[in-house]
Each structure stands twice: as C-alpha cells, then as structure tokens.
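Welcome! Take a look at it first, then try each task before reading its solution.

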Amino acid sequence: MPYNKSIIKSFIYAFEGIFYALRDNRNIRIHFIVAVLVVFAGVFFRVNRFEMGIIGIMILLVIMAEMINTAIEEMVDLIVSEHKVQAKIAKDVAAGMVLVAVVGSVIAGIFIFTPHVVKLFGLD
C-alpha cells in the first residue's frame, strides 16, 4: 500500500512544516498567542457561533499568510545570495500580504467585539 504510506508521509511533512514555523518564526508564535487570546475573548464575551466562525477563519487566514510569507522568504534566501531588487520585491509583497490579512482580522475583530465591550461597560 504505497499510496497510504505516501499520504501518511505527506501529513508528517506538513506537521514538520508547522512545527518548523512555530519553532523558528517569531511572528507566527506571536500570531498563535494572539489567536489564543482572541479565542478566550470570544468565549468570555460569549460570541455566537457565526462570530466565532468568522474569528476562526480570520485566525487561519493570518497564520496561513504568515506561513506563506515564511516559505517565500526561505525560498528567496535559498535562491538569491546577493542583493537583487526582485528578491526584495518578493519578500516585501509577501510581508504585505500578512499585513493585509492582519488588518482585515483586526477590522473583523472590531466589528465582532465592540458590541460586547460596549455592553460589558454599560456604554450603550
């Protein structure tokens, strides 16, 4: 059953990639910490399932963007040893992708959490 072994190996490689990213990338660790805090905030404020789903999707979007950014940066560093404008552009665009994902997540978080915070502090 070589097909099954290749599927298992694929999962192993994927988990190795996740562990590498968590171990060696400070920004991904920060995103994971913030994600845990946001999930706890969602539980604390008792956001509904739809809102929690949006939170989960935004968390995945940011972490995926950061992992793609890491892969692009590693690949560029592997291929290009000298300073090239194209290498800088590739890295900058990948970093920009993460920034766009984070800003989108913050905006979604503001829409989701503001009514709960307002209600908590009786500001309505």
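**Exercise 1.** Leaving aside its neighbours within four places in sequence, which residues is Val 98 in contact with?

*Solution.* A word on the source: this is a predicted model, where local features need pLDDT of at least 70 and side-chain atom pairs count only at pLDDT 80 or more, while totals for chains, interfaces and linings use all residues. Residues are numbered from 1 along each chain as its sequence is written, and side-chain values use heavy atoms, with hydrogens and water left out.

Step 1: Contact means heavy atoms within 4.5 Å. Step 2: With neighbours within four places in sequence set aside, the partners of Val 98 are His 31, Ala 65, Glu 66 and Asn 69. Step 3: Val 98 itself sits in helix α4, residues 85-120. Helices (H or I, at least four residues) and strands (E, at least two) are DSSP runs, numbered from the N terminus.

**Exercise 2.** Is Val 98 buried or exposed?

*Solution.* Step 1: Buried means under 20% relative accessible area, exposed over 50%, and partly exposed in between (1.4 Å probe, protein chains only). Step 2: Val 98 has a relative accessible area of 8%, so it is buried. Step 3: Across the 124 residues of the chain, 23% count as buried.

**Exercise 3.** Find the residues of the largest nonpolar core.

*Solution.* Step 1: Such a core is a set of buried Ala, Val, Leu, Ile, Met, Phe, Trp, Tyr and Cys residues joined through side-chain atoms within 4.5 Å. Step 2: The largest one has eight residues, namely Ala 35, Phe 45, Val 47, Ile 55, Ile 59, Ile 63, Ile 112 and Phe 113. Step 3: Two or more residues each come from α3 (49-79) and α4, and α3 gives the largest share, three residues.

**Exercise 4.** At what angle do α2 and α3 pack?

*Solution.* Step 1: Axes are lines fitted to C-alpha atoms, for helices over the stretch in contact, and angles run from 0 to 180 degrees between N-to-C directions. Step 2: Helix α2 (residues 26-44) meets α3 at about 180°, the axes being 10 Å apart. Step 3: Angles under 35 degrees count as roughly parallel, over 145 as roughly antiparallel, 65 to 115 as roughly perpendicular and the rest as oblique, so α2 is roughly antiparallel to α3. Step 4: Residues making this contact include His 31 and Ala 35 of α2 and Ile 59 and Glu 66 of α3.
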